[in-house]
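The following dialogue shows how a contact between two chains may be read. Please look at the structure first.

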Amino acid sequence: MSWPALYTQLVGANRHSTSLGKIWLSVLFIFRVMVLVVAAESVWGDEQSDFVCNTLQPGCENVCYDQFFPVSHIRLWCLQLVFVSTPTLLVAMYVAYRNHKDKKRLMQSSGRAGFLSNKGQEEEVEALKKRRLPIAGALWWTYACSLLFRLLFEGGFMYALYVVYDGFQMPRLVQCDQWPCPNLVDCFISRPTEKTIFTVFMATASSICMVLNMAELAYLVAKAVTRALCGQRERRASRDRTQSKTNQRSLVST
Amino acid sequence: MNWAFLEGLLSGVNKYSTAFGRIWLAIVFIFRLLVFLVACEKVWGDEQKDFDCNTRQPGCHNVCYDHYFPISYTRLWALQLIFVTCPSLLVTLHVSYRKDRERKHRLKHGEDCAPLYDDTGKKRGGLWWTYFFSLLFKMTVDAVFVFLLFYIYEATFFPPLVKCSQDPCPNVVDCYIARPTEKKLFTIFMVVTSFVCIFLTFCEVLYLCGKRFAECCRGGSQPMRGNSFMMTRTPLTEKPKVAYNGPALEKSKMVDSGNGEASAPAYSIAVS
């Protein structure tokens, strides 16, 4: 399993997304995954080997590094990207379940009718796989839930990063007095400015993704409300039409 | 996920570009991305390890390196290459949106109705503006990154010796940069190719505006001769696609058999 494999999975599910969802996928893979892989990983590559403490006490550097970096930024971001991508698979699972149900129904109806040839059946099944389901009904709820989960995960991981590292800035010097360090020891982090720049960049990209998700959720809700109102109006109009028809018939008969 | 993924996405953009755009893409792939991958990353590979300071003070080396290299050149160029290639994807996105609209229109009104667009890939109307803004964005990104390079490093590219007096270094400490001449050469090369790309994009903007102006004067009734030229592919632009075949590109090629050869199957699936 690797990033390209995840991309292939998500692209398949993306067929049933809105335009905002497609933009979100592009931002995710180009500005977050790619930047993480081609740039950020090399910045954090030497984080422990170049974490230098002003002491000769064996074990002090290890202990201080562990105190200030309980989880590396890179690992946190990888986890965040994996968690944030998985709700889309909910939609893919629902679509697969719908296709399976419809395929079963198709097989049953063709079995009863008995006149559809094998080739005709295969074409219908292929058309089923290639179709694009409208975002309505149960798919709407699945999609909305996946958006909510995405927002939760994004927010959760950003908050976790902020809390664990006390902000998005990386200091040059940290002071450590964990055992076995004698007294208070100065420890110097490698490339703090570059790390701060990339942390801010990834936090910004994460915020942009959150804004896109919120906009997509608002769009879905607005679409559902408009559909409900239009449906109500149509029902009222058809009720009025049938009412007027029965009135006319009663007038004619009298 | 690596540069092959980006190349896979961009190889489909050629279909909708002008001749200048294709030359630009070839220059970006061959002279910037390829050189960056095979040379720059190796030259800068040992940058912190071989940044030697004449001191035994722990932490002084880290602090001096951070002071003189707030962000590594290779990271700056990686970001520049990612940002400069993305606007082209906007154009692909717009074309996919048009194709989707056309498909929905045909579904609604039947196969024999009048199409919404004569050719979804032709730069008319909204697509012209998307292409135009993508060119402006590319020029701006390149210019901003070149400016950042000069501003951050104060145009003193790789003196062999730098003097550092940051805390905790005692007094003034001499620090030596690894491979300064080689780094200087590659920096000059990357800056020059950035300027060439800015110039090409500027020419493309003038060409696009001139063509539009000429069409407006003529009344826009006759189709341009240049259209058939736009749809052909040059050998230069095919080379990068053949040389690099990332797993994502190959996998998606299996899935998308309907589109033309020149499209980036992975991206068109993503947006369709």
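Q: How much area do chain A and chain B bury between them?

A: The size of an interface is often expressed as the accessible area that is lost when the parts come together. In this predicted model, chain A and chain B bury about 3,400 Å² between them, and 65% of that area lies on carbon and sulfur atoms. On the side of chain A, Y7(A), M34(A) and R172(A) lose the most area to chain B, together 18% of what that side buries.

Q: How many residues does the contact take from chain A and from chain B?

A: The contact draws 39 residues from chain A and 39 residues from chain B.

Q: How many salt bridges are counted between chain A and chain B?

A: The count is two salt bridges. In a salt bridge, the side chain of E194(A) meets that of R75(B), with 2.7 Å from N to O.

Q: Which elements of chain A each supply at least two residues of the side that touches chain B?

A: They are α1 (3-14), α2 (19-43), β1 (52-53) and α8 (192-253). The largest share, 15 residues, comes from α2(A). By class, this side of chain A has 24 nonpolar, seven polar and eight charged residues.

Q: What radius of gyration does chain A have, and what would a compact globule of 254 residues have?

A: Chain A has 28 Å, whereas a compact globule of 254 residues would have a value near 18 Å. The C-alpha trace of chain A spans about 110 × 50 × 30 Å along its principal axes.

Technical notes: Residues are numbered from 1 along each chain as its sequence is written. Chains are lettered from A and ligands numbered from 1 in the order in which they are written. This is a predicted model: local features need pLDDT of at least 70, side-chain atom pairs count only at pLDDT 80 or more; totals for chains, interfaces and linings use all residues. Side-chain values use heavy atoms; hydrogens and water are left out. Contact means heavy atoms within 4.5 Å. Buried area is the accessible area (1.4 Å probe) that two parts lose on being put together, summed over both. A salt bridge is a side-chain nitrogen of Lys or Arg within 4 Å of a carboxyl oxygen of Asp or Glu. Helices (H or I, at least four residues) and strands (E, at least two) are DSSP runs, numbered from the N terminus. Ala, Val, Leu, Ile, Met, Phe, Trp, Tyr, Cys and Pro count as nonpolar, Asp, Glu, Lys and Arg as charged, and the others, Gly among them, as polar. The radius of gyration is taken over C-alpha atoms; the globule rule is 2.2 Å times the number of residues to the power 0.38.
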